[in-house]
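Subject: Structure for you to look through

Hello,

I am passing on the structure that we talked about, and below it you will find my notes. Please keep it open while you read, so that each part can be looked up as it comes.

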Amino acid sequence: MQIYNSLTRKKEEFVPLKPGHVSMYVCGITAYDFCHIGHARSAVVFDVLVRYLRYIGLDVTFVRNFTDIDDKIINRANREGSDFETIARTYIDAFYEDMDRLGILRADIEPKATEHIAEMIALCENLIAKGHAYSTADGDVYFRVRSYQSYGKLSGRNIEDLQSGARIEPGEQKEDPLDFALWKGAKPGEPSWPSPWGPGRPGWHIECSAMSERYLPLPFDIHGGGQDLAFPHHENERAQTEAATDKQFVRYWVHNGFVQINSEKMSKSLNNFVTIRDILANYLPEVLRFFLITKHYRSPLDYTADALEESERALKRVYLTKAAAEAHVAGTKWTNSPLPAEIVVESTALEAKWDEAMADDMNTAAALGHVFVLMKTVNRILEDKSLKKSEQGRDLVRHALKLFERWGEVLGLFLTPSADFLAQLKSSRVRRKQIDTALIEARLAERQEARAAKDFDRSDAIRDELLALGVTIQDTAQGAQWDVE
């Protein structure tokens with residue numbers, strides 16, 4: 001497998017430090033609000049990565065943390081007249097609800113910052129003892145950025161450029177504007193823990209260093225997160241951990257790209273802040289998951305209503321093919337006629353192409369392309385009477401269903417029973433488009449009466465009326481079936 005390492009800025013062969021085992025840490029949420037689509041993308045990206053690593057036979061120890069003490073959490077608690085524990089617990093529970101709906105696997109270890117205060121204090125003491133950090137009269141502890149020679153290497157920042165834009169805020173007792181807080185002295189009314197520097201609480205960056213080192217031996221294989229975390233969060237994590245331990249912190253840094261909303265940066269100030277719950281009020285979770293992997297994970301992803309609609313249509317096509325294939329292999333009448341050689345060659349090569357796409361820096365966009373080639377091959381067999389009756393065709397369709405399942409386990413897609421998914425999708429579209437199902441059924445009954453009376457002009461007029469509402473009709477042996485486009 002090749003994977004892009006943000007530290008070296010190139011794709012590298014992924015070789016775990018411990019043969020057969022991968023150690024992986026991904027930054028989780030700060031629990032002060034509902035998760036947005038950016039959180040969804042990061043969660044799906046690293047869920048697919050974990051699934052894929054296991055698919056190729058590797059054991060994975062996956063750690064994902066929760067930040068449950070932070071300025072944003074405290075501020076929300078103050079606004080709501082609550083406490084930080086209640087706020088954090090509320091939004092951690094909401095995180096699980098959202099991620100379960102998206103099919104995100106639970107991490108093996110899910111530590112919370114407040115459960116690891118002792119480890120953070122010990123790390124601060126270590127850094128102070130080595131001259132990489134210092135305490136102030138106010139009980140703050142800062143990291144000396146200039147004491148770590150390769151600061152800026154991960155994010156590609158020049159320390160002199162950073163210096164020109166850095167300022168010391170009023171009340172801060174930094175030696176250098178670049179220095180960042182490891183520990184914050186307590187302010188009136190804020191939660192705090194005892195420390196050698198007085199009561200206080202951890203800074204944001206120190207928690208991930210302490211928790212990752214607690215659960216994964218250094219260096220661990222993969223550290224992941226959104227591109228927005230590369231600086232300053234991951235840069236600071238790397239600096240403080242390597243300064244304290246004199247060891248390499250992480251071997252492969254993996255970052256997913258940004259999500260934009262209608263080609264603009266997502267921001268509450270722009271009123272384009274979209275939560276997972278906003279989307280799932282109108283679309284099935286699997287539709288959102290499918291959309292999130294239609295682009296390579298490092299590429300920017302533009303969220304639009306049209307893009308989500310297109311993902312829904314594409315996913316429906318896959319499930320319709322699956323449903324037809326499942327019905328086909330349940331048949332009993334077959335002939336020995338062979339399949340055309342090109343179909344056999346193409347289907348045989350497809351598995352290798354899918355594996356190559358995923359091994360090439362987890363290229364889910366290309367992998368989905370191969371899913372649609374497989375779908376096209378299946379439909380070609382099902383639409384050709386002679387191919388459809390052949391034993392070889394049946395066996396290839398049966399194998400295709402196994403591939404849908406195998407690939408779906410990695411992508412987290414195509415795993416719902418086909419009939420269930422299609423029924424859920426129909427209900428979702430009915431709600432979203434506010435279609436009156438009683439009206440549809442009444443019109444279909446009228447159409448059936450018109451057809452029975454051979455009034456085909458009236459029958460066609462009703463069909464056109466329903467089509468204008470986005471409703472399509474298919475006449476089957478079991479009667480007219482309707483769907484929503």
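Which residue forms a salt bridge with Lys-11, and how far apart are the closest N and O atoms? The partner is Asp-360, and the closest N and O atoms are 2.6 Å apart; a salt bridge here is a side-chain nitrogen of Lys or Arg within 4 Å of a carboxyl oxygen of Asp or Glu. This pair links distant parts of the chain, with Lys-11 in strand β2 (residues 10–13) and Asp-360 in the loop between α11 (341–359) and α12 (364–383), 349 residues apart. Helices (H or I, at least four residues) and strands (E, at least two) are DSSP runs, numbered from the N terminus.

Before going further, please note that this is a predicted model, in which local features need pLDDT of at least 70 and side-chain atom pairs count only at pLDDT 80 or more, while totals for chains, interfaces and linings use all residues. Residues are numbered from 1 along each chain as its sequence is written, and side-chain values use heavy atoms, with hydrogens and water left out.

The chain as a whole

The protein chain contains 17 helices and 15 strands, and its C-alpha trace spans about 95 × 50 × 35 Å along its principal axes. Of its 485 residues, 51% are buried, where buried means under 20% relative accessible area, exposed means over 50%, and partly exposed lies in between (1.4 Å probe, protein chains only). Among the contacts with a separation of 6 or more, 76% are between residues 24 or more positions apart, a contact being heavy atoms within 4.5 Å. The chain exposes about 22100 Å², and carbon and sulfur atoms supply 50% of that area; accessible areas come from the Shrake-Rupley method with a 1.4 Å probe, and for residues only the protein chains shown count as cover.

Salt bridges

Side chains of opposite charge can pair when their charged atoms come close. A search of the whole structure finds 38 salt bridges, including the one already described. In that pair, Lys-11 is partly exposed at a relative accessible area of 41%, and Asp-360 is also partly exposed, at 32%.

Asp-108 and Arg-54 meet through their side chains in another salt bridge, at 3.1 Å from N to O. Because Asp-108 lies in the loop between α3 and α4 (117–129) and Arg-54 in helix α1, this pair ties together parts that are 54 residues apart in sequence. Asp-108 is partly exposed, with a relative accessible area of 45%, and Arg-54 is partly exposed as well, at 33%.

Cavities

Rolling a probe the size of a water molecule over the atoms shows where empty space is left. On a 1 Å grid over the protein atoms alone, a cavity is a set of points where a 1.4 Å probe fits but cannot get out, and lining residues have an atom within 4 Å of a point. Grid points are joined across faces, edges and corners, and a volume is the space filled by probe spheres set on the points. By this rule there are 2 cavities of 30 Å³ or more.

The largest cavity has a volume of about 40 Å³, and helix α1 (residues 37–55) gives the largest share of its lining, 3 residues. That lining divides into 7 nonpolar residues, 1 polar and 1 charged, where Ala, Val, Leu, Ile, Met, Phe, Trp, Tyr, Cys and Pro count as nonpolar, Asp, Glu, Lys and Arg as charged, and the others, Gly among them, as polar.

The second largest cavity has a volume of about 30 Å³, and Arg-64 and Glu-110 are among the residues that line it. Helix α3 (residues 84–101) gives the most to this lining, with 4 residues, and the lining holds 5 nonpolar, no polar and 4 charged residues.

Backbone details

The peptide bond from Leu-218 to Pro-219 is cis, with omega near -10°, and Pro-219 sits in the loop between α6 (204–215) and β9 (220–226). A cis peptide bond also joins Phe-231 and Pro-232, with omega about 5°, and Pro-232 is in helix α7 (residues 230–245).

Best wishes

Notes. On a 1 Å grid over the protein atoms alone, a cavity is a set of points where a 1.4 Å probe fits but cannot get out, and a pocket is an open set with protein on both sides within 12 Å along at least five of seven lines; lining residues have an atom within 4 Å of a point.
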